[in-house]
Number of protein chains: 2
Amino acid sequence: MAVTKHSKQRDAIIDELCQRHDHPTAEELYLALKMKMPNLSLGTVYRNLNMLSDDGTIQKISVGGADHFDGNAKNHYHMLCTECKRLLDVAYPVLEDIENKAHSFVDGRITSHTITFIGVCNSCL
Amino acid sequence: MAVTKHSKQRDAIIDELCQRHDHPTAEELYLALKMKMPNLSLGTVYRNLNMLSDDGTIQKISVGGADHFDGNAKNHYHMLCTECKRLLDVAYPVLEDIENKAHSFVDGRITSHTITFIGVCNSCL
DNA sequence: TCAATAATGATAATTGTTACTGTTATTATA
DNA sequence: TATAATAACAGTAACAATTATCATTATTGA
């Protein structure tokens, strides 16, 4: 179902997600918001994150265990820290032509691509 | 725990995984092997796949819902079909220098990278 | 051959996520 | 502004993927 009506919960979710520059999981987001909205439900967080990522308003990133969410909908790359399991932005310029270049190696049609670097972040080193 | 002893189950898992060129989930692999080894346990499949991917003998790929496993341990890229959720190999040449190039954009140390193309495979088109 | 122990099968437990249900809040219209 | 339609909600149950537990079996080195 698409987003039609407004709600305080949804606004708060988007706000929180765009404010912070880590890429929280649904539960991390829920815990942070729960302090301001004590009767917020985890299901509401999941429902909204899914609707918003279906919309293209935000990004859902499936890497390791739990899905992470990113308020920045523009394609960009990430690094997963194998120690703390956090997901960091990598400002490496997006390879605009890689999808066209890859076309001949693929049995099908490419619509997007993701690059994930694996490593250890500075705070863990 | 590292792999020390041998077992028929483990050998069969590696065999099956290397024979086939799709990238099965633990359960898909389990169902295929169950026919030859009727008392194989799903837990054994998971345990071995994890040990082997920790070893670097095989690859674990976390993209959508369930983890996929790849008998080819050499780095290479994949495409996820949004229709059938299958994971296909993409023979696009590995960008050997991208990790060095990305270094200056990252707060930490990079040890590897993955590229996943998203699209629709030919059989689904 | 035998003792030590890694690996197994079966099953329970855990985790992340989705679905359901009755209630509340939002929005368009009168 | 009141009202009716319904999207979105909270709370909870259900579900799927994965991991942990534990008693038994298989492998291996002495």
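Analyst: Start with the naming of elements. Helices (H or I, at least four residues) and strands (E, at least two) are DSSP runs, numbered from the N terminus. This is a predicted model, in which local features need pLDDT of at least 70, side-chain atom pairs count only at pLDDT 80 or more, and totals for chains, interfaces and linings use all residues. Residues are numbered from 1 along each chain as its sequence is written, chains are lettered from A and ligands numbered from 1 in the order in which they are written, and side-chain values use heavy atoms, with hydrogens and water left out.

Take DNA strand D. A residue is near a strand or molecule if one of its heavy atoms lies within 4 Å of it. DNA strand D has 22 residues around it. Lys5(A), Ser7(A), Thr44(A), Arg47(A) and Tyr46(B) come nearest. Of the atoms of DNA strand D that come within 4 Å of the protein, 78% are sugar and phosphate.

Which elements build this surface? At least two residues each come from α1 (8–19) and α3 of chain A and from α3 of chain B. The largest share belongs to α3(A), with four residues. By type, the surface holds seven nonpolar, nine polar and six charged residues. Here Ala, Val, Leu, Ile, Met, Phe, Trp, Tyr, Cys and Pro count as nonpolar, Asp, Glu, Lys and Arg as charged, and the others, Gly among them, as polar.

Now look at single atoms. A polar contact is a pair of N or O atoms within 3.5 Å. Within protein, one must be able to donate a hydrogen and the other to accept it, and residues adjacent in sequence count only if both atoms are side-chain atoms. The side chain of Tyr46(B) puts an N or O atom 2.5 Å from a phosphate oxygen of DNA strand D.

Turn to DNA strand C. It is surrounded by 23 residues. The closest are Tyr46(A), Lys5(B), Ser7(B), Thr44(B) and Arg47(B). Sugar or phosphate makes up 77% of the atoms of DNA strand C within 4 Å of the protein, and bases make up the rest. This surface divides into eight nonpolar, nine polar and six charged residues. Again, look at the atoms. A polar side-chain atom of Thr44(B) sits 2.6 Å from a phosphate oxygen of DNA strand C. Ser41(B) brings a backbone N or O atom to 3.2 Å from a phosphate oxygen of DNA strand C. Lys5(A) reaches a base: an N or O atom of its side chain is 3.0 Å from a base oxygen of DNA strand C. Two or more residues each come from α3 (42–55) of chain A and from α1 (8–19) and α3 (42–55) of chain B. Here α3(B) gives the most, with four residues.

How do the two chains relate? Chain A superposes on chain B by a rotation of 179° with 0.0 Å of shift along its axis (RMSD 0.2 Å). The copies are superposed by least squares on the C-alpha atoms of residues with pLDDT of at least 70 in both. The two copies are therefore related as by a two-fold rotation axis. The same surface serves both copies, since 97% of the contact residues of chain A recur in chain B. Contact means heavy atoms within 4.5 Å. Of the residues of chain A, Ile115(A) comes closest to the axis, with its C-alpha at 2.2 Å.

One residue shows the chains meeting. Tyr92(A) lies in the loop between β4 (87–90) and α4 (98–102) of chain A. Beyond its neighbours within four places in sequence, Tyr92(A) contacts Tyr77(A), Ile98(B), Lys101(B), Ala102(B) and Phe105(B). Tyr92(A) is buried, with a relative accessible area of 9%. Buried means under 20% relative accessible area, exposed over 50%, partly exposed in between (1.4 Å probe, protein chains only).

Two strands pair if DSSP finds at least two bridges between them. Four bridges join β3(A), residues 77–81, to the antiparallel β4(A). Met79(A) stands opposite Leu88(A) there. On β5(A), Met79(A) stands opposite Phe117(A).
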